[in-house]
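Let's walk through this structure together, one region at a time. Keep the sequence and the model side by side as you read.

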Amino acid sequence: HFGNQRAVRWLINEVVPRLRAVIPSAELHLVGASIWEDFAKGHEGVKAFGTVSDLSPHLDAARVMLVPNLVGGSGISTKTLLALENGIPFVTTQKGITGVEATSTPEAFRLPGEPPP
């Protein structure tokens with residue numbers, strides 16, 4: 001999906017370097033389509049796991065979930081719901097929180113603006 005690819009590129013090129021400047025041990029784990037393995041190559045702090053049969057170990061290990069929804073979709077982001085369901089704090093865009101009444105809770109942090117195209 002083009003929107004996911006755009007979001008992952010933005011995370012890898014813009015967010016991860018800034019995060020690692022403050023927290024050198026921080027890692028971005030990409031779980032899902034095997035295409036992420038190609039995106040992760042050559043980027044320090046980025047690991048790709050491809051498609052997994054069980055998300056539980058990845059969800060259990062997550063300290064925060066990034067939901068960089070840049071293009072929107074047809075409804076509520078399933079990644080946002082997954083974070084809420086599992087009690088994982090998450091960071092998202094305006095589009096990533098659309099339809100969820102959680103923007104004022106400590107568990108949800110919304111980015112103040114959209115990332116550049």
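**A walk from helix α1**

V22 has its place in helix α1, where helices (H or I, at least four residues) and strands (E, at least two) are DSSP runs numbered from the N terminus. What you are looking at is a predicted model, in which local features need pLDDT of at least 70, side-chain atom pairs count only at pLDDT 80 or more, and totals for chains, interfaces and linings use all residues. Residues are numbered from 1 along each chain as its sequence is written, and side-chain values use heavy atoms, with hydrogens and water left out.

Stay with V22 for a moment. With a relative accessible area of 66%, V22 is exposed; here buried means under 20% relative accessible area, exposed over 50%, and partly exposed in between (1.4 Å probe, protein chains only). Together with L19 and I23, V22 makes a nonpolar surface patch of about 270 Å². Such patches are made of residues with over 30% relative accessible area and no salt bridge, with like charges joined within 9 Å and nonpolar side chains (Val, Leu, Ile, Met, Phe, Trp, Tyr) within 5 Å. The accessible areas come from the Shrake-Rupley method with a 1.4 Å probe, and for residues only the protein chains shown count as cover.

Now turn to the interior. In soluble globular proteins, nonpolar side chains tend to be buried together. Here the largest nonpolar core is made up of eleven residues: V8, W10, L11, I12, V16, L28, L30, W36, F39, A40 and V46. A nonpolar core is a set of buried Ala, Val, Leu, Ile, Met, Phe, Trp, Tyr and Cys residues joined through side-chain atoms within 4.5 Å. Which elements give two or more residues to this core? They are α1, β1 and α2, and α1 gives the most, with five residues. Another core, of eight residues, lies apart from it and includes L59, M65, I88 and V100.

W36, one of the residues of the largest core, touches N4, Q5, V8, L30, V31 and A48, leaving aside residues up to four places away in sequence. Contact means heavy atoms within 4.5 Å. β1 and β2 run parallel and are joined by four bridges; two strands pair if DSSP finds at least two bridges between them. Within this pairing, L28 stands opposite V46 in β2.

Finally, look at the charged residues. Side chains of opposite charge can pair when their charged atoms come close. Four salt bridges are found in the whole structure, each being a side-chain nitrogen of Lys or Arg within 4 Å of a carboxyl oxygen of Asp or Glu. One of them joins E14 and R18 (3.6 Å, N to O). These two are four residues apart in helix α1 (residues 2-22), so about one helical turn separates them. E14 is partly exposed at 34%, and R18 is exposed at 61%.

Another salt bridge joins R20 and E44 (3.0 Å, N to O). R20 lies in helix α1 and E44 in the loop between α2 (36-40) and β2 (46-50), so the pair ties together parts 24 residues apart in sequence. R20 is buried, with a relative accessible area of 18%, whereas E44 is exposed at 64%.
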